[in-house]
Amino acid sequence: MRKQLSNWGNYPVLTCEESSFSQEEQLKQYVDTHDHIIARGNGRCYGDASLGEHSVSTLRYDKALLFDVETGDFECQAGMTLDQVLEITVPKGWFLPVTPGTKFITVGGAVASDVHGKNHHAEGSFSNHIIRMDVLTGKGLITCSRDNNSDLYWATCGGMGLTGIITSVRFRLKKIATAYIRQKQIKAENLDEILRLFDEHAHYTYSMAWIDCLQKGKAFGRSILIVGEHATPGELNHKQGRDPLVLPPKMKLTVPFNLPSFALNNFSVKAFNALYYGKNYKKVMEGVVPYEPFFYPLDAIHHWNRGYGRDGFVQYQFVLPIDRKEGLTAILRAISDKGWGSFLAVLKVFGKQDDLISFPMEGYTLALDFPVRKGLFPFLDELDALVLQYGGRLYLTKDARMQQEVFWKSYPNAAKFMDIVRTYNPGGKFRSVQSDRLLLTPQ
Amino acid sequence: MTPTVLILGATSDMAVAIARRYAAGNYAIQLAARKPEQLYALQQDLHIRSGAAVTTHAFDALDFDSHHTFYHQLPVKPDVVICVFGYLGSQETGQQNWQEASRILHTNYTGAVSVLNVVAEDMAARRSGAIVGISSVAGERGRMSNYLYGSAKAGFTAYLSGLRNRLFHAGVHVMSVQPGFVYTRMTEDLTLPPLLTARPEDVAKDIFKAVIAKKNVIYTKWFWRYIMFIIRSIPEFIFKKMKL
């Protein structure tokens, strides 16, 4: 049935036909009889990557297929969400090897976006931990891994669903002794200090920084570095220690409807940022916290995306090579000059990675939200030019508007990727609005 | 001893949610569906989630003659039997085509009665157990858009209420579930009002709780009881003029 669909940014809103499947045969039959298909998980990518003429929801294909509690090998159908994975594995002492800032994405989406987490510098992106997967390509269902059909494997990791529909994934979990994180938060006065703090804390498994990008002058780039490690049983307090692998129940907040767009303005964002920065009243704060607020602070507020109003927002995430940190200053300055900061600006340092079209590369990555309004897209085009100038690139999973030249200039392996996509997706059966926009649809 | 639940029609979205809820409640689970090979993934899923014993069984609601054997060949007699299968079909096709009409009627009514008759005899003899039938609010008043489905569900609702009356005296509990709109594969081509529509997990949670509380009839979501009260109260001379 045709319906209005949009992803997490509520932009763009497009008319698509959406259908689902719960058995492999249903999917096969659908793929045989339709064209212009793109897989869609929980709709948590921000832009148009999972929108197309026929968006196929994987959400009903969500069964756990294997869980070896000795080795941590876990296999599930691609529509299972990370939330469900954690629900099954954490009580048995296993955690996701890599997780993005929301647990409400599907495993298939995690592969197609090759998501990264706060541990990228130490443990790489999601694809580093995949053992094997099944993909329903234009040439039928194919099992692939690093050793077997490896071209398909590499083009599917971060491949935005263009090789076909990922149906099941086996990956290796990470052993944990508790469901808690020993975290440390350190305030930085400015950009130089935060980058130095990242270096000094590079030995931590998890790290990221929240950055106030509306500040100018001496406080330009003031931020809070947050680092953490999985807590050992000995680090828990008495109450936490009673059931170290089970989290206490929590309250859920929700934003019930789209806020009017005037609710978010320079004043409210500044006030929010001041409060956020100010809540850390000491330079360094340490504590042991449940994993949920550490990894998923925004998941506690359901539908926080509605805070940006009816017109939606775009998330702008770029990465710059490690030796081009002056680019970070240039881009942040452009933003603070314009006075268009976002609630959420997250800075992270990526470790080495060299995949086909996965986003991470060794360097600095910054993620920002911008509500859609007049003048935004020309401004983002200006930022794109800076990103290109400093040798960086944008994250496809969060993209809704980049121009095709920007993509092709910034992803050096794009042509190689397209060759493989052409093999497995002849005629471009699997295509999205994004792949059409970026000339990633094979003809 | 671990209690056992038998789920009839185990491939549907509602059945998956119900099975997961019972698995979380430490039940052993018997899954029955027309194509048991389609139950493999769910069987794994439930086992991984709860460690519960999960078995699969071939069951065809329309093959009435097989129901007695099907039930009596189960390795363990279940403590709770939940009849989830149903077929919405197409009202329009059914109006012109008896095959479609009969499939709607026989799946939702005759098939359910046929298998639950067998279950009822066994539970009455054992003087214990619970039977849950998933009917529908569509059975409470016939509407032009789905009265074939609705009338079969109406029959099923009446059957359950009679069965409840009879089995009460044998110490067996019978519960009717009247779901309103639920987001499932069966309804994915309909435009459903979000505020009135339940998720399969909500229905599953309601059922699990209500069986323990020995409720007779539950509506899910709860306000459907009041919506249906209003719909039943509309005088026929007005109702027939409406396009529902």
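**Side-chain contacts**

Tutor: R20(B) is buried, with a relative accessible area of 15%, where buried means under 20%, exposed over 50% and partly exposed in between, for a 1.4 Å probe and protein chains only. This is a predicted model, in which local features need pLDDT of at least 70 and side-chain atom pairs count only at pLDDT 80 or more, while totals for chains, interfaces and linings use all residues. Residues are numbered from 1 along each chain as its sequence is written, chains are lettered from A and ligands numbered from 1 in the order in which they are written, and side-chain values use heavy atoms, leaving out hydrogens and water.

Student: OK, which side chain meets R20(B) in a salt bridge?

Tutor: That is D45(B), at 2.9 Å from N to O, a salt bridge being a side-chain nitrogen of Lys or Arg within 4 Å of a carboxyl oxygen of Asp or Glu. The pair links distant parts of the chain, 25 residues apart, with D45(B) in helix α2 (residues 40-50) and R20(B) in helix α1 of chain B; helices (H or I, at least four residues) and strands (E, at least two) are DSSP runs, numbered from the N terminus. D45(B) is also buried, at 0% relative accessibility.

Student: And what does D13(B) form a salt bridge with?

Tutor: Its partner is R60(A), with the closest N and O atoms 2.6 Å apart. That pair crosses between chains, from helix α1 (residues 13-24) of chain B to the loop between β4 (54-57) and β5 (64-67) of chain A. D13(B) counts as buried, at 13% relative accessibility.

Student: How far apart in sequence are the parts that R166(B) and E121(B) tie together?

Tutor: R166(B) and E121(B) form a salt bridge whose closest N and O atoms are 2.7 Å apart. R166(B) lies in helix α6 (residues 147-168) and E121(B) in helix α5 (residues 98-126) of chain B, so the pair ties together parts that are 45 residues apart in sequence. R166(B) is partly exposed at 41% relative accessibility, and E121(B) is partly exposed at 46%. Elsewhere, salt bridges that share partners join D62(A), K63(A), E87(A), R20(B), D45(B) and R49(B) into one network.

Student: Switching to rings: how many aromatic pairs over all chains?

Tutor: The count is 29 aromatic pairs, taking rings of Phe, Tyr and Trp (its six-membered ring) as paired if their centres lie within 6.5 Å, with planes under 30 degrees apart called stacked, over 60 edge-to-face and the rest tilted. In one of them, the rings of Y316(A) and F318(A) have centres 6.0 Å apart and planes at 55°, so the pair is tilted. The rings of Y22(B) and Y27(B), by contrast, have centres 4.8 Å apart and planes at 85°, so that pair is edge-to-face.

Student: Are Y22(B) and Y27(B) buried or exposed?

Tutor: Y22(B) and Y27(B) are both buried.

Student: Last topic: how many disulfides does the structure hold?

Tutor: There are zero disulfides over all chains, a disulfide being a pair of cysteine sulfur atoms within 2.5 Å. For C16(A), the nearest cysteine sulfur is that of C45(A), 11 Å away, and C16(A) is buried, with a relative accessible area of 1%. C76(A) is likewise in no disulfide, the nearest cysteine sulfur being that of C157(A) at 14 Å.
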